[in-house]
Amino acid sequence: MLKMTTNTRRFAWAAGIMSSVIVAFAAWQSHVHASPEYALRIVQEINSQADLDTRKEFVTAKGYKVATACIQAKDGPSDQPQLTIGPARVEGDKCYFAFSQKDGAGFFCFEHDGRWKFDDVLFTKLHGREMELSLSYTIDHPYRAALQMMDWKEMWKAFLVGAEIGAAIGSSGS
């Protein structure tokens, strides 16, 4: 039979405590890395195509397209307004982070596919107008999206002003 000395018992006890701490830390770290907040933080750190390519596992195929377009759009100097991001709202395998900024509001959309992945941006308000328009739709259908974003009341007013100017020019020439 193996005889345990006092030092051996202390070592076994310390090793047991350490392994418990390591297991608890690994479980906590796994939980944190599986959270939608962690995925949002990873996506917020993307500043270049190289960053995006090293973080592909945190974006869906659609999210990759959206992030690429955002990276290309922000090339050069930028004075983007500060974003305020709200807490995560999880609905099944979807997660939404509400955001607001000076001229707009909407949601950052994530999907769960083994881990949380950025999927799209949904605008609900832009330049004071209520709307529901996703950034991926805008990329895929720029003309349709432009029509949806148009302020038709302003377009109609401009048309009427143009018609009045045209009528005034036409009547002065006769």
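Is Phe-110 buried or exposed, and at what relative accessibility?

Analyst: This is a predicted model, in which local features need pLDDT of at least 70, side-chain atom pairs count only at pLDDT 80 or more, and totals for chains, interfaces and linings use all residues. Residues are numbered from 1 along each chain as its sequence is written, and side-chain values use heavy atoms, with hydrogens and water left out.

Phe-110 has a relative accessibility of 1% and therefore counts as buried; the term buried means under 20% relative accessible area, exposed means over 50%, and partly exposed lies in between (1.4 Å probe, protein chains only).

The strands around this residue come next. Strands are DSSP runs of E with at least two residues, numbered from the N terminus, and two strands pair if DSSP finds at least two bridges between them. Strand β3 (residues 104–112) runs antiparallel to β2, to which eight bridges join it. Within this pairing, Phe-110 of β3 is the bridge partner of Cys-95.

The aromatic contacts follow. Rings of Phe, Tyr and Trp (its six-membered ring) pair if their centres lie within 6.5 Å; planes under 30 degrees apart count as stacked, over 60 as edge-to-face and the rest as tilted. Six aromatic pairs are found in the whole structure. In one of them, the ring centres of Phe-97 and Phe-110 are 5.6 Å apart and the planes stand at 75 degrees, so the pair is edge-to-face. This pair links distant parts of the chain, with Phe-97 in strand β2 and Phe-110 in strand β3, 13 residues apart. Phe-97 counts as buried because its relative accessibility is 2%. A further edge-to-face pair is that of Phe-99 and Phe-123, at 6.0 Å centre to centre and 85 degrees between the planes. Here too distant parts of the chain are linked, Phe-99 lying in strand β2 and Phe-123 in strand β4 (residues 116–126), 24 residues apart. Both Phe-99 and Phe-123 are buried. Returning to Phe-110, this residue forms one aromatic cluster with Phe-97 and Phe-118.

Terms used. Helix = DSSP H or I, 4+ residues; strand = E, 2+ residues; numbered from the N terminus.
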